[in-house]
Every structure is written in structure tokens, then in C-alpha cells.
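Please keep the sequence and the 3D view open as you go through the points.

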Amino acid sequence: MSFKFKRISAKLFSYFVQGLLLLAPVYITGYIIFNLLSSLDEHFYFHFRGTGLVVLLAIILVVGFLGSSFIAVPVLKIFEEALSRLPLVGLIYFSLKDLVGAFVGDKKKFNQPVLFTINKESGIKKIGFITQNDLSFLALDEDVMVYCPHSYAFSGEMLIIPRASITELDIPSSDAMKMIISGGVSLTQDAK
């Protein structure tokens, strides 16, 4: 009887783990989205779930439309010049502006995934993104700047690497970023 109980309990535990593996990502994703929508709704004082998201998207579209008009460009330049004179505020604003611009817009920076060796003896390699091709202003004509995001974090490290040590990867930058951020877990045959 004891052997049968152990077999049944092992099978039940196996089902539990499988169910957890299937439901946990769905639940966590839903939880994050639900809390984001609730936060937006509370911020805009709406009582219907999702209304805050619709209003936020509308605001972003209107600001984007106005920001691309010929009238808004000089106003934005005056605003940014004023911000640049405020020491801490200017640093935060322009750093965030550059960070957002690195992911979207005309000046994307994370679009050149590369592989490089960090330890020639052991052959340890790392994946990153070229963010600057021209480092002549630092008197480093043969080097490039590479940003390496950390896995499971919103941080990374900036490295200066000899151009000859860089191997460009023939995969979409979105696949490379997904692979790095997930710690290699999201690597699929499609990314090759």
C-alpha cells in the first residue's frame, strides 16, 4: 500500500509542477497587466478598467502629432535648452531621452548585435550591441563601444572593444535582446 501511495503522490506532484509551469507565466503576466491598468485608471480617476490605458495612448498620440509639427520643434528646443541649464534635472531628462531613443525612433542603438571573446584562454564569449562605431573623439580609432545588458535586470555594462575582436551576429536584434534578458532561456532554433 505504501508503494502505491508513493507512486500516486509522485504522479500528483508531477501534475502539480506541470500545472505550475503552465500557469505561473500566464498568472504573472496577467497580474502585471492588471495592476498596470488599475494604476492607470486610478491615476486618471476612471472607474472602468482599461479607460486609463486608452486615455494614455490618446495623450501619447496627440503629443507625438504635436511634437512632429513644425511649430512644436522650436518650442521643444527652447524647453530642452532651459532643462540643460538645470544640473540634476537636465542630466536625468537627457539620459532618459537618450535611453528611450536607443530603443525606438530614428536613432536606434540596439540594432547591431555582436559576439566577442572576453577571455581568450577559456574562450568565454559575450553578446552585446554596438552603440558607437566611431570613437575617434577618444583617440580610439580601432575600437567600438558595446553595451551588454544584464540578464533579468534593467542594467548593463558599457565596454570598449577592439573592432577586430567583434563578430557581427546574423540574427534580429530583438532576438538577441530577448536571449540576453532571459539569460539564454528564450533561445530557440528560430533565432539561429
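This is a predicted model: local features need pLDDT of at least 70, side-chain atom pairs count only at pLDDT 80 or more; totals for chains, interfaces and linings use all residues.

1. Residues are numbered from 1 along each chain as its sequence is written, and side-chain values use heavy atoms, with hydrogens and water left out.

2. Now the overall plan. The protein has five helices and five strands, and along the sequence they follow the pattern α-α-α-α-β-β-β-β-β-α. Contact means heavy atoms within 4.5 Å. Among contacts in the protein with a separation of 6 or more, 28% are between residues 24 or more positions apart.

3. How much of the protein is buried? Buried means under 20% relative accessible area, exposed means over 50%, and partly exposed lies in between (1.4 Å probe, protein chains only). Of the 192 residues, 19% count as buried. The protein exposes about 14,900 Å², and carbon and sulfur atoms supply 69% of that area; accessible areas come from the Shrake-Rupley method with a 1.4 Å probe, and for residues only the protein chains shown count as cover.

4. Ile32 is exposed because its relative accessible area is 52%. Together with Tyr27, Ile28 and Tyr31, Ile32 makes a nonpolar surface patch of about 470 Å². Patches are made of residues with over 30% relative accessible area and no salt bridge, with like charges joined within 9 Å and nonpolar side chains (Val, Leu, Ile, Met, Phe, Trp, Tyr) within 5 Å. Ser39, with a relative accessible area of 43%, is therefore partly exposed.

5. Which residues form the largest nonpolar core? A nonpolar core is a set of buried Ala, Val, Leu, Ile, Met, Phe, Trp, Tyr and Cys residues joined through side-chain atoms within 4.5 Å. The largest one has eight residues: Val114, Phe116, Ile130, Val144, Val146, Cys148, Ile161 and Ile166. Strand E1 (113–119) and E3 are the elements that give two or more residues to this core, and E3 supplies the largest share, three residues. A second, separate core of six residues includes Phe129, Met177, Met179 and Ile180.

6. Not counting residues up to four places away in sequence, Phe116 touches Ile124, Lys125, Lys126, Gly128, Val146, Cys148, Leu159, Ile161, Ser165 and Ile166.

7. Next, the charged pair. A salt bridge is a side-chain nitrogen of Lys or Arg within 4 Å of a carboxyl oxygen of Asp or Glu, and by this rule the count comes to one. Lys126 pairs with Glu157, the closest N and O atoms being 2.2 Å apart. The pair links distant parts of the chain, with Lys126 in strand E2 and Glu157 in strand E4 (residues 156–162), 31 residues apart. Lys126 counts as partly exposed because its relative accessibility is 23%, and Glu157 counts as partly exposed because its value is 30%.

8. Asp143, in strand E3, deserves a look. Asp143 is buried yet has no salt bridge, and the nearest side chain of opposite charge, Arg163, is 7.6 Å away (Lys and Arg count as positive, Asp and Glu as negative; His and the chain ends are not counted). Leaving aside neighbours within four places in sequence, Asp143 is in contact with Asn133, Leu135, Ile160, Ile161, Pro162 and Arg163.

9. Two backbone angles to check. Most residues other than glycine have a negative phi. Ala139 has a positive phi, near 60°, and is placed in the loop between strand E2 (124–132) and strand E3 (143–149). Ala139 counts as exposed because its relative accessibility is 64%. Just after H5, Gly183 takes a positive phi of about 70°. Within helix H5 (residues 173–181), the residues Asp175, Ala176, Met177, Met179 and Ile180 are buried.

Notes. Helices (H or I, at least four residues) and strands (E, at least two) are DSSP runs, numbered from the N terminus.
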